[in-house]
Amino acid sequence: MNKGNGDMDKETYYVVKRGHKPGIYKTWLECKSATDGFKSPIFKKFASFDEANVFYKAEIPSSTSSGNSTNKIDIKSSSQSNTKLPEEEVAKIKALSKNIKSGLFTECTLQSNITAWNCINDEIYLFTDGSARKSRNPNDFNSGVGVYLGYQCMNIKEQYNNKTNNQCELMGIDYVFKLIIQFHRELSELGKVIKIVSDSEYSIKACSVWLSAWKTNNWRTKSGEEVKNRDLIESIDASMTRIKLINSRLDDARKIKVKFIHVNSHQLPDVTDKFKFSIWFGNYVADGLSQNSI
């Protein structure tokens, strides 16, 4: 591995594929901190973010797998890293996001305009996020839900002091499905695919991969434990069932098509690619709404 003198390079990115904190780093010191003392770490230096990002997302070749039985690595959210945005990018983002309107879900349902929802590559993207933070004061808001519908929309921001991160993530998805149900007539006329974006792998799998088995097993996991957050997952399931019923009455061109999209949060934006930057920005805003920083 090339350690080099990355702090002196103008454009240098260090990718930690296997270490204490996998991610993309700007300095060798951050990379060193993320790998020191870790058994068989995998990391590499790159001269551009694009190259670094490709390596970060790629499978680990078997020749470097250090005896691991699988050639794949579970790429966790890069919120595990200490990567920071360049100051000039932070300034631009703050300027774009400071005027974004937000309110409670009930306010959003009254003021929502689906023609202003995020439309990227002729598809609708609705960004959801949830957060939960430790607080010494039990009366402080330490958790929140954020849903970014569009720059000119009334977006959703709700703050709590008694919710877990998973609850907040699921609440964001639940709100989006409720909006889809509310505006299903208008959405069927638009005929666009709706993509619900979340950085929570748990939430997406709970609503798609695991849901059927949980229902068959009387809402118990394989180990026999009661499924957590059942009320929220049941609410989402009810909305998905309602959409299927609505679609059964529509021709193919007008059916409402909804897909889950999983993205990693807190990554550096790719400012050279309009689509990638749009996805990054939507995720950034949803995260900011959930944390009450926007």
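Biologist: Why is Glu 201 called partly exposed?

Modeller: This is a predicted model, and in it Glu 201 has a relative accessibility of 37%. Buried requires under 20% and exposed requires over 50%, so Glu 201, at 37%, counts as partly exposed.

Biologist: What makes Lys 205 and Glu 201 a salt bridge?

Modeller: Their closest N and O atoms are 3.1 Å apart. The cut-off is within 4 Å, from a side-chain nitrogen of Lys or Arg to a carboxyl oxygen of Asp or Glu, and therefore the pair qualifies. Lys 205 is itself partly exposed, at 31%.

Biologist: How are Lys 205 and Glu 201 placed in helix H7?

Modeller: They are separated by about one helical turn, because they lie 4 residues apart in helix H7, which spans residues 201–207.

Biologist: How many salt bridges does this rule give?

Modeller: The count comes to 8 salt bridges. One of them joins the side chains of Lys 192 and Asp 122, with N to O at 2.4 Å. That pair links distant parts of the chain, 70 residues apart: Lys 192 is in the loop between helix H6 and strand E9, and Asp 122 is in the loop between strands E5 and E6.

Biologist: What makes Arg 254 and Glu 189 a salt bridge?

Modeller: Their side chains meet at 3.1 Å, N to O, and the limit is within 4 Å, so the pair meets the rule. Arg 254, in the loop between helix H9 and strand E10, and Glu 189, in helix H6, are 65 residues apart. Arg 254 is partly exposed at 29%, whereas Glu 189 is exposed at 59%.

Biologist: Why is strand E8 called largely enclosed by the rest of the structure?

Modeller: 7 of the 7 residues of strand E8, residues 154–160, are buried, so the strand is largely enclosed. Met 154, Ile 156, Glu 158 and Tyr 160 point one way, and Asn 155, Lys 157 and Gln 159 the other way; all are buried.

Biologist: How do you know that E7 and E8 pair, and in which sense?

Modeller: E7 and E8 share 5 bridges in the antiparallel sense. At least two bridges are required, so they pair. Gly 146 has Lys 157 in E8 as its bridge partner, and the two strands form a hairpin with 5 residues between them.

Methods. Residues are numbered from 1 along each chain as its sequence is written. This is a predicted model: local features need pLDDT of at least 70, side-chain atom pairs count only at pLDDT 80 or more; totals for chains, interfaces and linings use all residues. Side-chain values use heavy atoms; hydrogens and water are left out. Buried means under 20% relative accessible area, exposed over 50%, partly exposed in between (1.4 Å probe, protein chains only).
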